[in-house]
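Notes follow as I went.

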Amino acid sequence: MTYQDGVPFLDLREQHRLLRSELMEAMEPVISSAAFIRGSDVAQFEHEFAQYIDTSTCVSVGNGTDALEIGLESLDLPLGSEVIVPANSFIATSEAVTRSGLRVVFADVDDTYTLDPASVEEKITSRTSAVVAVHLYGQPAQMSTLQGLCQNRGLQLVEDAAQAHGADSKGVRVGAIGTIGAFSFFPGKNLGAMGDAGAITTADPDLAERCRRIANHGRWGKFDHSLEGRNSRMDSLQAAVLRVKLRHLDSWLSVRRETASIYRRGLNAAFPGMAQMAFEEWSQPCRPGEIRLSREVLDDNHAYHLFVVRVPRRDAVRRALGEFGIETGIHYPTALPHLAAYAGHPQRSDAFRCGAWADELVSLPMGDHMTPERAQFVVEALVEVLRRSALR
Ligand SMILES: *Cc1c(COP(=O)(O)O)cnc(C)c1O
């Protein structure tokens, strides 16, 4: 069993090779006009992305972390109030909360790898002001349940959609469900710029205006600073690149979904019984010869930014896949509360399911560079590696 070129985790060089003439054509007018800041591509991208998400406004910013931070700031939550975030995410989610003068409270995740609504409910106190739901790996968080929890208690619901461009739940795109959606266009995301960029989406015109002011030194025109803001802008070259790539996003998403379905079909067939496992058993450590796939939510369209499975002896499995030329990643090697950055956090020593899973998570190759043949090869290699390691 060989696959000549191996399977890269992600291949942006190949994507850019295919799009080269479109990208060059889009960037040329920006360069010749020198309208690098607030050029026409920025406003046009905002319009096109808002349309894509099917919400009224998109406010472009410098990166996804700023999108979260500015979005939270625009909500004017009481300083020092508590914001619930999942314990399994990229640190930007919790960083944005702390940087906005708010307190991070971690809740656990379930077999969708997104917030477990029961854990969120447990963490709500009289000091809670908001919940940040992360559509981790591209899987929409359980928004209708979370919306119910938040509405009953007057909490704001913010979406961290940095990994989920184009995902939807019951036909509603992420970024159009909560009060505020935050997107990242970091190059490796499903929709990526050629540098840093981000965006806030909202259907609330007042919040949109506040976000716009905060991101641009608190001004609307040139020197009418109505508040102290900051500088966080998407530049015109990134907007021009994103406008080109947005036109391809849906076809890239179908490649990602096709790859995921080959992974799911192949792995479920090779490890029967894993798919029907009850949550209690599913959440236990993987035994040799086992694998855990996330629960598929039938009402949702997953954006498959990442395809993450849990395996026993993860590091050895990754090395063995590497020998087949298959690149893998880990998202994330440490649950947020267990990072050194949270050494002084009150939940430091609490047990989180995702803390126990951290040593088992492995992300398989995923992106628009995938083909059915490459996906099938990954399945066969992984099945062989897991069977081999079970015998040891
Ligand atoms: C990438 C990412 C961010 C931050 O985006 P940047 O553009 O890198 O600042 C925030 N949250 C999650 C879940 C992410 O994956």
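Which atom of the ligand does a polar side-chain atom of Gln163 lie 2.8 Å from? I looked it up: an oxygen atom of the ligand.

Ground rules before I go on. This is a predicted model, where local features need pLDDT of at least 70 and side-chain atom pairs count only at pLDDT 80 or more, while totals for chains, interfaces and linings use all residues. Residues are numbered from 1 along each chain as its sequence is written, and side-chain values use heavy atoms, with hydrogens and water left out.

**Ligand site.** I find 14 residues around the ligand, with Gly64, Thr65, Gln163, Ser184 and Lys189 coming nearest (near means that a heavy atom of the residue lies within 4 Å). A polar side-chain atom of Ser184 lies 2.6 Å from a ligand oxygen atom, and for Gly64 a backbone N or O atom lies 2.7 Å from an oxygen atom of the ligand. The protein covers 92% of the 380 Å² of accessible area that the ligand has on its own (Shrake-Rupley, 1.4 Å probe).

I sorted the shell residues by type: five nonpolar, seven polar and two charged (Gly counts as polar; Asp, Glu, Lys and Arg count as charged; Ala, Val, Leu, Ile, Met, Phe, Trp, Tyr, Cys and Pro count as nonpolar).

**Sheet.** Next I traced an open sheet of three strands, ordered β7-β6-β10 with antiparallel pairing. Strands here are DSSP E runs of at least two residues, helices are H or I runs of at least four, and both are numbered from the N terminus; two strands pair if DSSP finds at least two bridges between them. β7 (172–173) and β10 (300–301) stand at the edges with a single partner strand each, so one side of each has no neighbour in the sheet. Strand β6 (residues 168–169) is joined to β7 by two bridges, and Asp168 has Arg173 of β7 as its bridge partner.

**Backbone.** Most residues other than glycine have a negative phi, and most peptide bonds are trans. I noted two exceptions. The peptide bond from His331 to Tyr332 is cis, omega near 5°, and Tyr332 lies in the loop between α10 (314–323) and α11 (353–357). Asp76 has a positive phi, near 55°, and is found in the loop between α3 and β2 (82–86).

Conventions:
A polar contact is a pair of N or O atoms within 3.5 Å; within protein, one must be able to donate a hydrogen and the other to accept it, and residues adjacent in sequence count only if both atoms are side-chain atoms.
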